[in-house]
Amino acid sequence: MMRFGILGHPVVWRDGQEVRLTTRRSRAVLAYLLLSADHSASVDVLIDAIYGDTPPRSARNQVHRGVGEIRKSGITVDVQGNVYRLEAAEDEIDAFTFVSLYQQACLLADEGDYSAVAQTLETALGLWRGPALLGLDSDVFLTEAAVWNERRVAALEVRIDADLALGRHREVTARLRRLVSRYPLRERFYGQLMVALYRSQRGSEALQVFTDLEERLREELGVDPGPELQEIRLQVLRQDASLELSPPPAATPKQLPPLPGTLLGRDTELARIVTLLEQCERSRPRAVVVAGPGGAGKTSLCIAAAHHLAGDYPDGQLFADCSDPHAALPGFLTALGVPDPELPEGADACAKLLRRMISSRRMLMVLDDVRDPELIRHLLPDGSGCTIIANSRAVRVQLPGVMNMTISALAPEDARALLAARLGEPRMAAEPEAIDRVVELCGGLPTALHAAAAKLEARRHWPVSRLVERLTDPTLILDELAMRPTLQHDYGVLPARQRAVIRKMGFLGLPMVSVETVAALEDLSPDATENLMEEMVEAHLLSTDDGQEFGCHPWLLSFGAERAAAEDHPDELSAALERALGAWLVRTDSARVGLLGRGHSLPQGSALRYIPPGQTDMSLTGSAWLAKNLGMIMLLVRRAAAAGLHESCWELAIAPLELFQSGGYFEEWSQSHEIALTSVCTADNVRGQATLYHSLGQRSLLLGDYVRAGELLTRARELFARLHDDHGHGLALCLLGHLARVCLDAIEARRIYENAIDLLRAGDDRVAEADALGGLAIVLHHMDEPDASHAALDRALALCREGGSLRSEAQIRQHMAVHVAKTGRPQDAHPELLRALEIARYIEDRVMQSKILLALGTTQILLGDPEAATRRLAEAEKIAMAAGVSRVAVRARMAQAFLGGNPTSLHSVLT
């Protein structure tokens, strides 16, 4: 277990043992990240914090090295862009543990439980190992250290108050002597010392303490002790009985709703509200506005915070449901005793009277569901004794004295704890995966989680998986989670354009959308769309990590689909969907060009390609983008099929073809193509059928199902011929040539390859022609025609370069080298494989790298270099596992087993 400390020199403990951070830079980086919001900071912020206005030239490098040293200590530091984020919970940091204990002690003091106060603060103060941030001397750290050191002194003051209340005046006297010596201008310690001495029958010494301080202040500052100390002096002189013990505070009537029954997972937010209000300057009104999505539990949180603070407001606590903003102000005036006939008319007049009535009082006001920031402005009093705690779906109030904070979904572990509190551990343990799915489908929102728990409580005979099935159904989720009223509220107050976006997003049905996708749905520019989406994030309807991809809860999609069916014309929705699919086709086309070069293409249909107005850069990075978005493409294939957009459907299905082939996504390959085949067969779309049969034939060929591959590829060839599509015909023939080659029919393979080459050359598909020439080169080499084989190979590599496909060049070199190695000439294969590996590394194709490294390792076995072979095979296995190519990893392990003495057939390992 990791723990972190800044109350002293910055330190890390693992399982109770200190992990030594040897450099100042690592301690400074650690300390700043621990104290930063979300424990994250950019490199530039870290440089400013550590070095101030005069950073050395190496400052950026020093920060990076400091992060590296922290990571070497076993601490997780993530990086996104230029921002580092330290993985640390609040309760793992001594400073925040101290604050939490101090806040508990203050609440206990308000309740008069001074024994618990003393015990709690003893634990809190025991966390200190010296001055905060010891050893860090930049201005930022010195300022931060002063804040924390002041909190330590404040805790000492509260602890001594508790000791005095418990009658421990003799025990604390020596300690107070040390404290007034260490803090010679801290008047509260002097007052406490005077009280302790007086209660110890040492009144004259108590008066001497005052005299000593009075002389010091006049000499050094030219001022007198403050009025509180002056009053204690008078009480000592008068032997005032009030010095003995303070009477407990009188009970205060509460006008707040009852505390929420279950408030799990909100300890950090609750502590933050309390801390914000306690630290706010007392010279002005204080207010916190809590924003967050509907169902996040804002009301419960605000009520809980109000109960924590209510004892500080002896003049009353007020609560108002502000969904009707016109009722809040008159309601407060009525609660304060203004008769209905005397209520003024109009919000301004009511606000003026209310401010006058509370200006000299200490009152707490809780405002639920604020929709207009003007209400808070009206309620901010002119005096200094009142506090407002408000919540809102999206309102941010930019006024002096108002602090804004945002809450979101519960963390998964807190959401599970909420369910466990209602369902019991046995039911949780029986179906852990189903419970996790419920948490996911509820989005971690307390309102939805409570609705799900209530459903399961009412139906004890249901397995949790039964509820998961119902929540997965878009037609049921809104009713199952009781989210429709919340969403209707949110939807009703949105501008028209945002309502339209929700409807079209629901009709599309994707849980994650890009700016470009929404731009296509709405036929807007990306810039305008991005602004629109950011506004929806601020309204807590969407979520985003990078400002480009936006997440949407399943129930919002379901609600949007409902509203689309009720409000939009079907033709408008169909056009929006086709534009969105067309935007994805533009991106998949671009990704394929980035992967294969511009000289290669699959047969293309007539599906719309859509580029939003103002969109410029659509360049993508091939397989990485396809792999990241494969799940979305699969959803879009299904959506296009459901909408009858068969052209878009089959073109999206074949878009990740190279990813399917190189990454081993055989299940996704089959699923997407079966959906698309049903769509194109229903529509009698011959070109779509031909292309899908061609693709599925390639899948069967890779899986070694040569009979099925022959059937599918023959069917594709026939359909392309029927369409008089020579290019498609050539592509099908190329794969049939590969089939004949692997089936060891060299004469037939040669004939097929030569026909394919003629057709592909006529279609100017250079990369596909290179693929056929590469296969022909292997056949010619096998038929002992080396000159012809070399000529075909040289031509294939030249075409790859002309077509701009480095990946195809690496693949052809690899295939030819493996064939050469298999035929007994590994010395000739080795340099070709090295060249192929260089290309694969340059284009960052990990799948290709793993295959080439496997071939290199097995070739080096044949060359009699087991040490080099072992290195290559181990690297092949590692990269293959990282890339998800399990077949290559297995073969690499087989080859390593061969080196270890296992009688594996090395010939079968070569790919």
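Student: Is R503 buried or exposed?
Tutor: R503 counts as buried, at 10% relative accessibility; buried means under 20% relative accessible area, exposed over 50%, and partly exposed in between (1.4 Å probe, protein chains only). This is a predicted model, in which local features need pLDDT of at least 70 and side-chain atom pairs count only at pLDDT 80 or more, while totals for chains, interfaces and linings use all residues. Residues are numbered from 1 along each chain as its sequence is written, and side-chain values use heavy atoms, with hydrogens and water left out.

Student: What does R503 form with E567?
Tutor: The two form a salt bridge, with their closest N and O atoms 3.1 Å apart. The term requires a side-chain nitrogen of Lys or Arg within 4 Å of a carboxyl oxygen of Asp or Glu. The pair links distant parts of the chain, 64 residues apart: E567 is in helix α26 and R503 in helix α23. Helices (H or I, at least four residues) and strands (E, at least two) are DSSP runs, numbered from the N terminus.

Student: And E567, buried or partly exposed?
Tutor: E567 is partly exposed, with a relative accessible area of 37%.

Student: How many salt bridges are there by this rule?
Tutor: The count comes to 53. Another one joins the side chains of E480 and K455, at 3.6 Å from N to O. E480 lies in helix α21 and K455 in helix α19, so this pair ties together parts that are 25 residues apart in sequence.

Student: New topic: which residue just after α4 has a positive phi?
Tutor: That is G112, with a phi of about 80 degrees.
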